[in-house]
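Dear colleague,

I am passing on the structure below, and my notes on it follow. Please read them with the coordinates open beside you.

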Amino acid sequence: MTEFEAGRPVVLRGGTVLPMTDGHEVLSGVDVLVEGDRIAAVGPELAVPDGTIEIDATDGIVMPGMIDTHRHMWQTAMRGYGADWTLTQYFVWYYLEHGRLFRPEDVHAGNTLAAIEAIDAGVTTVVDWSHGLQTVDHADAAVDALRSVPGRFVLAYGNIQAPPAEWTAAPEFRDFVSRRITGDDMLGFQLAFDVVGDPAFPEKPAFEVARDLGVSVTTHAGVWGATSDEGIRQMYEHGFMTPGTVYVHAATLEPDSYHRIAATGGSISVSTESEQSAGQGYPPTWAIRLHGIPVSLSMDTSVWWSGDLFSAMRTTLGADRSRAHLEAHAKGDTVTHCALRADQVVEWATRGGARALGRDDLGSLEPGKKADLVLIKNDRSPVSFPLLNPYGHVAFQAQRGDVHTVVVNGRVVKHEHELVGVDLAAARRQVESTVEYLRSTMGEETWLKGMNPDIPETKILDNPYTYTDYRSSATRDR
């Protein structure tokens, strides 16, 4: 493998470039030059400094690194455990029964694996919606894990085991912020908590802490049975809806709440795989579009689903279009043109995430922007050609195995389908230790029951076309 020395320029030659600028252009056969932590130039046959590393991007797609605005990274050590859960079962397992078992080292293990998984899939920025931070020791472990992996992250600090007004007021929380959140370009900071709609608005002090710290709040809004329009109303009437606020899911809101979000400049993080399966509500892009609210995409948690935004793009297009067809058919109509297009979901997965995080320097490939980019190229795959519609190819054809090269902040972290400078074996050992600890602490019976919830009884409808003797009389008479 090529040696990628720190600071050495890199040029990706001759690719199909999706710069994700306003016009959603497609640039064929052009180069992208990276110098330091910035994109130096985009264009054909670029002259480059001596010693530049050259990567052949011919027959590949070069695009901005993808941005996930909501992922519970600490849960990744439990990958796939809750595949058959509902949202209720998730709440019971993590919030009420077993979430408090997680030690700081277990949060570290989950975060490390999730961070590696992200860059491997071309997700160069992830919001760690870290609501498992029961103590400051857990928070330190979360940050240590994020720092150990060469990706870009935002720690969204949360604690599902205590009210937000309580943990945000703790002196040790303020001490953590002063020690660990230093304005480093590679580690952003948000507060993560939900507004439950209690008339007393108990979350108000936590919002005031966010305002005092000058950070944004990310909140699960419009989640069936958990958060509602009342929480949005309280936030609005107390002046806590800001352009930096990210509303996750927002799937069961009334138009008035969407209007409030649009008017105050917030954005919505859509987790389509999650919303389809867990039950927060129908993926809301169909409603969001009507209100002009900015959208970003997210994967939620690998305790259920995949951790790559190719799945997010694909399922979001499918859910939006499925609803359009269903509504049209109910009226006896036919959808003749798709409202949501492939280039739009690619934008949501890149530039949409950058906008949600207030990062004008991310999300597009333009000179002067941060050098976070992905090369999608797989010469061993029959799905890599023909490359006719690049946006459609990214949204419907590509997958994590096609991620050839990933650059974060000017550093090559994956090349020729292999991670660079990442100790995957160590991450595996950490996760195995966490799984062994949880399994032994819970006991085998409880562990297996949690992974295999009861199957509800299903009654097969009576079929009027079922007969004792299915053969026709003509057959019997022969």
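Helices (H or I, at least four residues) and strands (E, at least two) are DSSP runs, numbered from the N terminus. This is a predicted model, in which local features need pLDDT of at least 70 and side-chain atom pairs count only at pLDDT 80 or more, while totals for chains, interfaces and linings use all residues. Residues are numbered from 1 along each chain as its sequence is written, and side-chain values use heavy atoms, with hydrogens and water left out.

Helix 6 (residues 204-213) is followed by G214, whose phi is positive, near 75°. Within helix 6, the buried residues (under 20% relative accessible area, with exposed meaning over 50% and partly exposed in between, for a 1.4 Å probe and protein chains only) are A206, F207, V209 and A210. Seen down the axis of helix 6, these fall within an arc of 155° (taken from the directions from the helix axis to the C-beta atoms), so they line one face of the helix. The face turned away from that buried side carries the exposed residues R211 and D212. The buried residues of helix 6 pack against several elements (contact means heavy atoms within 4.5 Å), including helix 5 (171-180), strand 10 (216-221) and helix 7 (229-237).

Elsewhere, T21 is found in the loop between strand 1 (10-17) and strand 2 (27-35). At 15% relative accessibility T21 counts as buried, and, leaving aside residues up to four places away in sequence, T21 touches R351 and E366.
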